[in-house]
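Me: I have a model open and want a quick tour. Can you walk me through the packing?

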Amino acid sequence: MNPDSVTFDSFCNLFQREEDCTRVLFAAKWPDGFRCPQCQHPHAYCITTRRLPLFECRACRGQTSLIAGTIMQGSRTPLRSWFQAIFLHARPEGINALQLSRIIGVTYKTAWLICHKIRHAMQHKDSQELLTDLVRLTDAKLFTRTMSSSAWHSQEQSVLVGSSENEQGRIFRIKIKKQNKQPLRNRYESPPVEPFIRKHVSIQAAKRAIVSRHYFGNRNQALLAIGRDAQWELARKFRGIGPKHLQVYLDQFCYVWNRRKQLVFGELLSQCANTRTITYPVLIKPVEDLSRSIVPRPAAPAKTVAIRAS
Ligand SMILES: [Zn+2]
């Protein structure tokens, strides 16, 4: 049975036992068969006396766990709970940590950590996919406030929104990257685009990238709408996102947007099985001056202020 064509209840029935998950995770981690991480030898003894199987390389005798080198490394959460969390993240409606904690029966802290680790796998994959073809780019502001002042509101965030367009003019890939607003003189100044282009646009596409400015006459309404969609989605689905974590939520939004109907459990599981984990201490490491939440509640998002520079 295809795990992507079933309901959540059916999925849970499909992966009731840890052994069911072990088999599928092995295939996701080593699609071409076992490979020793130390010496690349293709054969191992399987030690089954532990909660999860341990593999001992027949050549170098090095031992490796099934979850070593995956986002699940070091986790005591059962694999079936991880599978359920990955399945729910692959659904179009998505899920937040509070919902996940209730559904899979773990503490909020554990659910928060699982969500962040899955998000980390999405971010890792997204970072490998450059914008190509016809690239358009604009600056935008998220979580804007209605103010007469040109000074930044503490909750406002400056971002660059980029897209790839095919020959038919259809956008097939997007990226939204948070910008440092400290060097900008005021909230109407656009951040520089060169670092974004160097990092996120293919060399060929960079030569003819089209840049629009939010507060100039040639504003790109389609990209600005994508920025607003991201803001609304984050406000609807999550709460308490601080500036430190905003980028990974934006990357999750883009990862899902870029796949839309094609996002499937198998693909996300494969990415989770091939992405090194991110630890709790790293996730909660404080960042100076970035402690305030910018998405304090899941209520209706703030209105975007349409102000043109004079
Ligand atoms: Zn080996």
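Me: What kind of model is it, and how are residues numbered?
Reply: This is a predicted model, in which local features need pLDDT of at least 70 and side-chain atom pairs count only at pLDDT 80 or more, while totals for chains, interfaces and linings use all residues. Residues are numbered from 1 along each chain as its sequence is written, and side-chain values use heavy atoms, with hydrogens and water left out.

Me: Sheet first. What is the strand order?
Reply: The order is S6-S5-S4-S7, in an open sheet of four strands with mixed pairing. Strands are DSSP runs of E with at least two residues, and helices are runs of H or I with at least four, numbered from the N terminus. Two strands pair if DSSP finds at least two bridges between them.

Me: Which strands stand at the edges?
Reply: S6 and S7 (210–212) do. Each has a single partner strand, so one side of each has no neighbour in the sheet. On average, neighbouring strands are turned by 20° against each other, direction ignored.

Me: What packs on the sheet?
Reply: H8 does, touching S4 (134–142), S5 and S6. Contact means heavy atoms within 4.5 Å. The direction of H8 makes about 50° with that of S4. Axes are lines fitted to C-alpha atoms, for helices over the stretch in contact, and angles run from 0 to 180 degrees between N-to-C directions.

Me: How do S5 and S6 run, and how many bridges join them?
Reply: They run antiparallel, with eight bridges between S5 (residues 157–165) and S6 (residues 171–179). Ser158 stands opposite Gln179. Gly162 has Lys175 as its bridge partner in S6. The two strands form a hairpin with five residues between them. Gly169, in the turn, has a positive phi of about 80°.

Me: Is His200 buried or exposed?
Reply: His200 is buried, at a relative accessible area of 11%. Buried means under 20%, exposed over 50%, and partly exposed in between (1.4 Å probe, protein chains only).

Me: Where is Ile241?
Reply: Ile241 lies in the loop between H8 (221–237) and H9 (243–259). Ile241 is buried too, with a relative accessible area of 1%. C-alpha to C-alpha, Ile241 and His153 are 16 Å apart, and 88 residues separate them in sequence.

Me: On to helix pairs. How do H2 and H10 pack?
Reply: H2 (residues 18–29) and H10 (residues 265–273) pack at about 70°, with axes 8 Å apart. They are therefore roughly perpendicular. That label covers 65 to 115 degrees; under 35 is roughly parallel, over 145 roughly antiparallel, and the rest oblique.

Me: Which residues make that contact?
Reply: Val24, Leu25, Ala28 and Lys29 of H2 meet Leu269, Ser270 and Ala273 of H10. By class, that is five nonpolar, one polar and one charged. Ala, Val, Leu, Ile, Met, Phe, Trp, Tyr, Cys and Pro count as nonpolar, Asp, Glu, Lys and Arg as charged, and the others, Gly among them, as polar.

Me: And at what angle do H3 and H5 pack?
Reply: H3 (residues 79–89) and H5 (residues 108–127) pack at about 55°, with axes 10 Å apart. That makes H3 oblique to H5.
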